[in-house]
Amino acid sequence: MTPIQKLADQVGFHSSYIDCFGNTVEANQQALHSLLLAMGYNLDNDDVINASATKLENKSWLSLLPAMQMVASEAPSHRAWLSVAKRDLDKFLSWQVSLESGQELTGQVALSSLAQFAHHTIDGVDYVKLNIDLPKLDEGYHSLSATLDNVSATCHLIVAPKTCFSPNEAANYRMWGLAAQLYSLKSDNSWGMGDFGDLKSLVSESAKRGATAIGLNPLHPLYPDNPGHISPYSPTSRCFFNTLYIDVTGVSNYAACKTAQAVVQSPEFQNHLQDVNSKEFIDYPYAAHLKFQVLELLYADFLEKHASKKTAFFKEYQAFCDEMGADLLEIATFDALYEHFRKLDEHAYGWKAWPVEFQDPNSSEVAKFKKDNAQRIGYFKFLQFIADSQLGAAAAEAKANDMPVGLYMDLAVGCDGSGAEVWGDKHSFVSGAAVGAPPDAMNTLGQDWGLTPINPVALQEKGYMPLVKALRSNMRHAGALRIDHVLGLMRQYWVAPGMAADQGIYITFPLDDIFRIIALESRRNKCVVIGEDLGTVPDGFGDIMAASGLLSYKVLFFERWENGLYFRPEIYPEQSMVTVSTHDLSTMAGWWTGNDLKWRQDLNLYPNEQMGIDERAGRVTDREQLLAALEYEGVLSNHEFPATKPAVMNSELSRAVQAFLAKAPSRILLVPLEDALGLHEQVNIPGTTDEHPNWRRRMPITLDEFWQHTDMQNLVGVMNQERPKG
């Protein structure tokens, strides 16, 4: 084993992996070298590399306590472990547990009385690992300190449950809901895109028709000063929310603010509103310009009329700022800096383009900027406060209407490397590398998602707090949370800086700990968790996920036997969320008519012409097999079959597909609005940027018109028959 391979093994990189075709792919050595460099390891010579590998190998032995310890809350007794030199076994150890509640527990113990469970010799010194019994601890985030002679150490001590809050605990029946791309919603109150006011309306009207959940695209913050950056899966942070979703007319001081009303009611502004709302595709910069100019007026009014008088509105804002603390200050400071440097250079997209002294959030220059620009930073805090309040109002509407799940949120895989989260915590991220996926049948060159990976070693050193914060933020108003690419919590495919996506390497993540963290936050927030486990799933992963109480993510298009026949509904596991399609796949109508294949052909997404020919031929068989499954299940009669040559979608097929899935024991069924309305175009085509209008499609009809649509009415009827509320 070479020194590089030895170090890589200690870090957790895989030496090889099995691809989706069953082939063994060896780790690219150049990629391995680049990734280790990106993680901060010195690779100047073999001696240095070997020293780093040895340091990692011996770390758990040479430290009195590890960086982090997980305690299973369900264990009959709680214990931690420590490492000491064997020669010290005749000594006493003092320990202290600082509980999350603020309480402190202390004790002293003779090392000779502790159970030994491992031995190791380093440079002639014998070391032993010992278990120390602790009092039974409440679930939560604690810390353990230990002192032996003059040596003291502290570690994160997390007590967490095995399983997540389950849908059975939320409701004792099989639920259904609608999945919406929030930006795509259209109403008479729209300012160019869907907003939190539209969400509240959708919640209210859906609840009346028996829906128990509203699934949403990620609502993570993007860049207020760069509204052209639109992918919800490439956020500046996974905490807080995208302020472009604010319903300006729903802000508390909107109606009473004379300056805002004068602007909005002006003929010029009304013409702009009519123009931006008439567009087929969302013009984000246009919508942002209209929204933010009025929000700035509302903030000025807030400072003048509310902050100075300490009104109830101001007290709500102040309570939010106090609750969010340093994290809110950080993202607001980042947004203010981003705006500041974009004014100096319109191409300064992110902190890497700023002067070096501003690339450190703890620098004296950033401290001075905070002081000099406190009011502007306050504006960005205000936007987050409004966004959080309006999303909270939509969640409260769901609760008031007896929706057991309510908002079903979506957690992205990671963050854009130019954004606030990486800027604020560079030590936890591997700058320059990217999370992606290896080559498969759909993407033969692999995928580079452009998201900066988090360092699993640093994640443990921080007691998983970057993950905890992301979970808390997204569960804050949610009854369910979908974790995108949940497989990445077991292993992630990293693309090295400057290298192609098909040369990536897998790295191991501490899955058991992470699943317990998820379970802890899930139970604290009474939030069901769904793991998006599509793709090549490692052996045993499904069982691990199920044992932790996460729901599997089942998509009709993929749930088939090897011969192509579709699984019958009863085959679907109860512990799953089921849907026809996802944002990265075709709609049902688009699939049936082959619209997705046409896009793929037109955009040259096939690596060779034969693959396109084969897929088009295969779709003919796919249609026949779907019709056979629907007819067998009794949800579609032969005389209701749509035309197949050429393939034409009909309402009967749309209804039958949802009725088919509704029969499954799966606890939650989500119907994308695009399918509920029989639309042909999909939300996003992976592997494209501007070639396809990703994330920009608006609904062709308004929210009020949804419920008169034939396909929507059919859907509601089917769901209330197959999955009645209560």
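Visitor: What should I know about the numbering and the model before we start?
Guide: Residues are numbered from 1 along each chain as its sequence is written, and side-chain values use heavy atoms, leaving out hydrogens and water. The model is predicted, so to speak of local features takes a pLDDT of at least 70, side-chain atom pairs count only at pLDDT 80 or more, and totals for chains, interfaces and linings use all residues.

Visitor: How many helices and strands does the chain have?
Guide: Both kinds are DSSP runs numbered from the N terminus: helices are H or I with at least four residues, strands are E with at least two. Going by that, the chain has 23 strands and 23 helices.

Visitor: What radius of gyration does the chain have, and what would a compact globule have?
Guide: This radius is taken over C-alpha atoms, and the globule rule is 2.2 Å times the number of residues to the power 0.38. For 726 residues that rule lands near 27 Å, which agrees with the chain's own 27 Å.

Visitor: What share of the residues is buried?
Guide: Buried means under 20% relative accessible area, exposed means over 50%, and partly exposed is in between (1.4 Å probe, protein chains only). Of the 726 residues in the chain, the buried ones make up 57%.

Visitor: Is His 229 buried, partly exposed or exposed?
Guide: His 229 sits in the loop between strand 12 (213-216) and helix 6 (258-264). Because its relative accessible area is 21%, His 229 counts as partly exposed.

Visitor: Which residues does His 229 touch?
Guide: A contact means heavy atoms within 4.5 Å. Leaving aside residues up to four places away in sequence, His 229 touches Leu 222, Tyr 223, Ser 234 and Asp 416.

Visitor: How many disulfides does the structure hold?
Guide: A disulfide is a covalent bond between the sulfur atoms of two cysteines; here it is counted as a pair of cysteine sulfur atoms within 2.5 Å. Take Cys 257: its closest cysteine sulfur, in Cys 321, is 19 Å away, so that is too far for a bond. Cys 321 has its closest cysteine sulfur in Cys 239, at 16 Å, again too far for a bond. The number of disulfides in the structure is 0.

Visitor: What is the relative accessible area of Cys 257?
Guide: Cys 321 is buried, with a value of 10%. Cys 257 is buried too, and its relative accessible area is 1%.
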